[in-house]
Protein chains: 2
Amino acid sequence: MTEWTEAPKLSAQDFEAAIRAVGAERYHDKHPFHKMLHGGKLNKGQVAAWALNRYCYQEAVPRKDAALIARAESRELRREWVHRILDHDGLADEPGGIERWLVLTDGLGLDRDYVVSKRGALPATRFAVEAYVRFVAIEPLTVAVASSLTELFAPKIHRERISGMLENYDFIGEEVMAYFRRRLVQAPDDAAFALDYIKQHARTRTEQEACVDAVRFKCNVLWAQLDALHHAYVEPGNIPPGAFRP
Amino acid sequence: MTEWTEAPKLSAQDFEAAIRAVGAERYHDKHPFHKMLHGGKLNKGQVAAWALNRYCYQEAVPRKDAALIARAESRELRREWVHRILDHDGLADEPGGIERWLVLTDGLGLDRDYVVSKRGALPATRFAVEAYVRFVAIEPLTVAVASSLTELFAPKIHRERISGMLENYDFIGEEVMAYFRRRLVQAPDDAAFALDYIKQHARTRTEQEACVDAVRFKCNVLWAQLDALHHAYVEPGNIPPGAFRP
């Protein structure tokens, strides 16, 4: 019987490269629905379906960040992470990212109460985003931090989205793109912190691999949402019972 | 077989009175250890034991508040509740309540790393405070909100603590009482919000009673901490293995 041996730890550089490779392989900028969205290939109803479903993800983000803080006994980590809740929910006069998202859904002609109720969202959307909240609540803290690292890949997609959507859709104006403009600034700071954190706290190769897997998991959460939209709203006849009908 | 019938709902006034009655019966201002603390009957080592153990409670508070936010799908509730995390952990230049607590433990001659490590805290302290975090994470949201309502009773105890401790201990100065002075302002606002919230959201007598029970539970969390301190640090010979020895 051979004794189990832990593989050697990756250097910080190789660890980061392994994480970035996940983005290159499976970040949702490679999804066909995304290419259609940015390329102006969708009609207003399809864009509305995307925005309505993506609201569920936006709304879940501060909850998953709170789930992380609820587990962090380090005040330094909590003080850093709480910015993410404030970025999404706002604070006092600052309305926050979810409010900016609702400006987008308003602009697409969706009723705000209907969007917020999530009644019209695809069940697969909600299963995916709630799986993310649960992942952050129960996985080891370092792995939970790692799952945020799709933010490394976000600025590129946000830039493409702003230019692609403004250019291709006459029903999309500058004001409804405010959410993405703000994320261009926020996401890189957050990602830099999280990347540093996991480099410091993943102490074994096994933990490093769990972190890389967490980024894969998170890419799956994003990809599954687009699969569900693609299936329901691109070919006719596939909208599940109870889901939004453009 | 008699059919089960729900008892009539309490009026908002009676509901509030039932909650306040819990404080009158069992808030920890009635605990003998508390009377000793405020009355100048403890020595510096005993006050240090209190501050060291109470640190565990302070540190758990933003985690339990994050646990609540992690479950709240209402952005309004999250935006209101996040203040509590910021009050304790601070934000940017504002150091927050836990830092002010550490000024108190510094003033009592305790090593900061030792306090933060919680290694010297009584196991009963940690069991009690983690039971509170867990309660907020798993009980119905309205009941979780209700468990914060010991804040209704806090200003009185904080005022007594400030005057009693400043008067009775030459090792306690104005600067280390900053935590309690700040809470005199914060706690009443928070309690007013939570009381309004449960009046609106507890829709049946059963839910109202669960809220009253939540306040009892929270009083037990506070009382158990003082019982443990009382047992360990008032009579000699009772300090458990591994716990702080003055």
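How many of the 26 residues of helix 3 of chain A are buried? The count is 21, so this helix is mostly covered, where buried means that 20 or more other C-beta atoms, placed from the backbone, lie within 10 Å of a residue's own. A residue is exposed if that number is 12 or fewer, and partly exposed in between.

Before I continue, a word on conventions. This is a predicted model, in which local features need pLDDT of at least 70 and side-chain atom pairs count only at pLDDT 80 or more, while totals for chains, interfaces and linings use all residues. Residues are numbered from 1 along each chain as its sequence is written, and chains are lettered from A and ligands numbered from 1 in the order in which they are written.

Let us begin with chain A as a whole. Chain A has eleven helices and zero strands; these are DSSP runs, numbered from the N terminus, of H or I for helices (at least four residues) and of E for strands (at least two). Of the 246 residues in chain A, 45% are buried.

I return to helix 3 of chain A. From its first C-alpha to its last it reaches 38 Å, close to the expected 38 Å, a span given by 1.5 Å times one less than the number of residues. Helix 3 of chain A bends by about 25 degrees at A:A60, and the proline A:P62 follows within four residues. The bend is the angle between axes fitted to the seven residues ending at a residue and the seven starting there.

We turn now to the contact between the chains. Chain A and chain B supply 19 residues each, with two residues in contact if their C-beta atoms, placed from the backbone, lie within 7 Å. On the side of chain A that touches chain B, helix 3 (44–69) and helix 4 (75–89) each supply at least two residues. Helix 4 of chain A gives the most, with seven.

One residue of chain B deserves attention here. B:I69 touches several residues of chain A, including A:P62, A:A66 and A:I85, when residues up to four places away in sequence are not counted.

A:K118 is partly exposed, with 16 other C-beta atoms within 10 Å. In chain B, the phi of B:A92 is near 50 degrees, again positive in a residue other than glycine. B:A92 is exposed, with 8 other C-beta atoms within 10 Å.
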